[in-house]
Amino acid sequence: MGDSVSKPMVKNQREIQLKQREMQMAMNRAFARDLLNWLAALSGTIAVGATVGFVKKRTPVGFIPLVPLSFVMGYQYDLAYGNKMERIRTMTEQILTEENAKGMDSMLVPPSNQRMVTLEEYQQIFYPKPKDMPTKK
């Protein structure tokens, strides 16, 4: 009885988690695009102000803020419209693979002052012993 109920529930929970994950990823991308719009507006305003200042005073000092801002905008554009998210995901998978291979010598082991799980619970979750491994039916 419990097995027949739990399988559809597990499937349902996985579907919901995947949908939530997709929604969160889409929201992150939308946030990045919105921030890019604001940065573009700021850059445009600074460029217009710098041009007016250059015409009036004949000094290019007003253009200096555009140099670092162009790097920030390039990063944000790559995040919003480029493949930055794919590169981050690939690096994340690589880090997790490398760190999990280290076992308890990993940088990802929680600090001793955290209160969510004990070190033993953490080990059971991320480094299960072969007998603790879930079996596929």
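The lining of the second largest pocket divides into three nonpolar, no polar and four charged residues (Ala, Val, Leu, Ile, Met, Phe, Trp, Tyr, Cys and Pro count as nonpolar; Asp, Glu, Lys and Arg as charged; the others, Gly among them, as polar). This is a predicted model, where local features need pLDDT of at least 70, side-chain atom pairs count only at pLDDT 80 or more, and totals for chains, interfaces and linings use all residues. Residues are numbered from 1 along each chain as its sequence is written, and side-chain values use heavy atoms, leaving out hydrogens and water.

Who's in that lining? Arg-21, Met-25, Arg-29, Met-85, Glu-86, Ile-88 and Arg-89. Helices here are DSSP runs (H or I, at least four residues), numbered from the N terminus.

Now follow α3 itself. Its 19 residues should span 27 Å at 1.5 Å a residue, and the end C-alpha atoms are 27 Å apart, so the two agree (the expected span is 1.5 Å times one less than the number of residues). Just after α3, Gly-103 takes a positive phi of about 70°.

The axes of α2 (residues 66-81) and α3 come within 6 Å and cross at roughly 80°, which means α2 is roughly perpendicular to α3 (65 to 115 degrees). Here's who touches whom, contact meaning heavy atoms within 4.5 Å:

| Helix | Contact residues |
|---|---|
| α2 | Tyr-75, Asp-78, Leu-79 |
| α3 | Lys-84, Met-85, Arg-87, Ile-88 |

Key:
On a 1 Å grid over the protein atoms alone, a cavity is a set of points where a 1.4 Å probe fits but cannot get out, and a pocket is an open set with protein on both sides within 12 Å along at least five of seven lines; lining residues have an atom within 4 Å of a point. Helices (H or I, at least four residues) and strands (E, at least two) are DSSP runs, numbered from the N terminus. Axes are lines fitted to C-alpha atoms, for helices over the stretch in contact, and angles run from 0 to 180 degrees between N-to-C directions. Angles under 35 degrees count as roughly parallel, over 145 as roughly antiparallel, 65 to 115 as roughly perpendicular and the rest as oblique.
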